[in-house]
Amino acid sequence: MRVPGAKAAIACSVADQGVSALTNILVLVVAARLSSAAGFAVFSMVYMVFTILLGIGVSYVGQALVLVRGDDRVIRTACRSAAVFTVVASTVIGFTAAAVLAFVPGETAAALAVLGLILPIALTQDGIRYCFSALRLPHYALTADLVRLAVALPALAVQPHGAGPARLVAVWGLSALPALLVAIALLAPLLRGLPADVRKYVRRGHLGQRFVVEFGVGNGSSQLAILGLGLFATPLAVGALRGATTLFGPLNVLFNASSAFGPPLLNRKQSVRGQVRATAVLAAVLATVAASWATVLYLLPDRIGRQLLGDTWPNAAHLLPASGSQYTAMAVGTCGLLTLRVLRPRTTLPIQVVFSLAAVVFMLTGYALGGVLGAAWGLGLGSVAKAVATWLRIGSVSASAASAQQLAGVAAEGHDHGQAQHGDPDPAGGLEK
């Protein structure tokens with residue numbers, strides 16, 4: 001098993017997240033071109049349900065997996081357990097939902113039932129990506145996702161115009177099968193002969209349970225923010241805010257790559273200070289990229305902006321400085337949460353809960369004071385507050401962790417010195433003098 005260097009691993013991680021995001025975007029574009037307006041509405045809803053289930057699976061299994069530490073056998077055993085649990089859980093949930101929905105009339109129920117049947121394929125293929133991350137083999141994940149992209153789009157494109165949402169869901173789900181087979185072929189030799197402990201995922205206190213709550217709070221608060229704004233603002237204002245944030249989609253690829261593939265790379269650092277220093281540098285780099293991207297968008301000619309967002313562009317362009325500030329702060333906060341995940345994973349939940357809800361309050365207050373521009377600056381303020389709180393927490397956590405690491409080193413030196421003084425039994429039963 002050849003593990004790539006840090007630079008190659010980072011490049012493959014970012015590329016893999018980019019391919020995955022591109023696949024999701026193009027699937028929706030192709031489905032929209034093939035479907036009627038009503039059919040695409042159903043397909044979009046089913047796809048949103050899958051996205052939520054995927055986020056839960058990633059939080060419960062994937063994010064906990066990439067934090068596993070230990071020797072090669074420990075990590076490979078954890079990967080086998082994660083893969084088996086994903087297959088079992090997705091099969092039980094998916095097939096149960098399909099069996100229930102089979103008796104419910106309507107096009108939406110039929111499409112959701114099909115989603116249940118293909119759920120084990122789609123979730124397992126994506127879940128194995130995190131096994132490759134934990135094993136420090138992101139190029140394997142990239143290989144499987146390239147196969148996914150190469151198969152999914154042609155499979156959908158050859159469907160007849162006006163194809164129903166259930167058919168499109170089935171084709172999209174089954175198109176993941178070649179990528180899944182490639183991923184299994186790459187992963188199976190690394191895990192052969194190892195045990196799988198599925199029960200640890202249902203025990204109380206499993207770390208993934210906290211990450212699912214974080215996912216729920218983060219996504220729930222963002223949806224609540226949009227819903228709250230929609231109750232008070234005009235549709236034009238909401239569209240402008242959505243349009244502005246959509247333009248920062250490429251940055252989400254970088255943030256997701258950092259969260260998914262960062263922990264195994266950070267675990268290569270032996271000292272706490274080294275880990276904090278690495279994420280601080282990453283935060284500076286991502287913040288610079290975010291600010292640069294915001295500047296590029298702000299300087300776009302109106303002609304190009306209208307090609308991107310149509311009539312929404314003038315209103316969205318007005319919000320770009322605020323949204324750019326928000327994403328620059330998000331870059332710093334994302335790297336801070338990554339640091340805490342590695343140093344002390346249980347510290348991230350309170351920060352996520354408090355400041356995700358605070359962002360909603362800031363946004364609504366901002367809208368009350370300054371309209372949709374005030375709402376955008378409110379979201380930016382929420383991201384700044386979360387970033388500051390995260391790095392303040394890192395200061396206290398890293399200090400205590402570094403002290404503990406230092407004490408452990410002193411104790412190990414004393415133990416080694418004692419062995420040198422008094423002798424230590426060797427495996428053959430003699431004494432080293």
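# Close-up views of a predicted helical chain

**Figure 1. Overview of the protein chain.** Of the 433 residues in the protein chain, 45% are buried (under 20% relative accessible area; exposed is over 50% and partly exposed in between, with a 1.4 Å probe and protein chains only). The model is predicted, so local features need pLDDT of at least 70 and side-chain atom pairs count only at pLDDT 80 or more, whereas totals for chains, interfaces and linings use all residues. Residues are numbered from 1 along each chain as its sequence is written, and side-chain values use heavy atoms, with hydrogens and water left out. The secondary structure comprises 15 helices and zero strands (DSSP runs numbered from the N terminus: H or I of at least four residues for helices, E of at least two for strands). Among contacts (heavy atoms within 4.5 Å) with a separation of 6 or more, 81% join residues 24 or more positions apart. The chain exposes about 20700 Å², of which carbon and sulfur atoms supply 68% (Shrake-Rupley method, 1.4 Å probe; for residues, only the protein chains shown count as cover).

**Figure 2. The largest nonpolar core.** This core has 57 residues; a nonpolar core is a set of buried Ala, Val, Leu, Ile, Met, Phe, Trp, Tyr and Cys residues joined through side-chain atoms within 4.5 Å. Phe50, Leu65, Cys79, Leu115, Val169 and Trp172 have the most contacts inside it. Elements giving two or more residues include helix H1 (6–34), helix H3 (72–101) and helix H4 (107–134). H4 gives the largest share, 14 residues. Not counting residues up to four places away in sequence, Val169 touches Phe43, Val46, Ala111, Val114, Leu115 and Ile118. A second, separate core of 28 residues includes Phe255, Ala316, Ala376 and Leu379.

**Figure 3. Cys79 and Cys131.** The whole structure has zero disulfides (pairs of cysteine sulfur atoms within 2.5 Å). For Cys79, which is in no disulfide, the nearest cysteine sulfur is that of Cys131, 4.4 Å away. Cys79 counts as buried because its relative accessibility is 0%. Cys131, at 1% relative accessibility, also counts as buried.

**Figure 4. The Asp16–Arg129 salt bridge.** Six salt bridges are found in the whole structure (a side-chain nitrogen of Lys or Arg within 4 Å of a carboxyl oxygen of Asp or Glu). In the pair of Asp16 and Arg129, the closest N and O atoms are 2.9 Å apart. Asp16 in helix H1 and Arg129 in helix H4 are 113 residues apart, so the pair links distant parts of the chain. Both Asp16 and Arg129 are buried. A network of salt bridges links Asp16, Asp126, Arg129 and Asp145.

**Figure 5. Two further salt bridges.** Arg76 and Asp72 meet through their side chains at 2.8 Å, N to O. Both lie in helix H3, four residues apart, about one turn of the helix. Arg76 is buried, at 19% relative accessible area, while Asp72 is partly exposed, at 39%. The side chains of Glu214 and Arg341 also form a salt bridge, with an N to O distance of 2.8 Å. Glu214 in helix H8 (residues 207–232) and Arg341 in helix H14 (residues 320–343) are 127 residues apart. Glu214 counts as buried at 3% relative accessibility, as does Arg341 at 15%.
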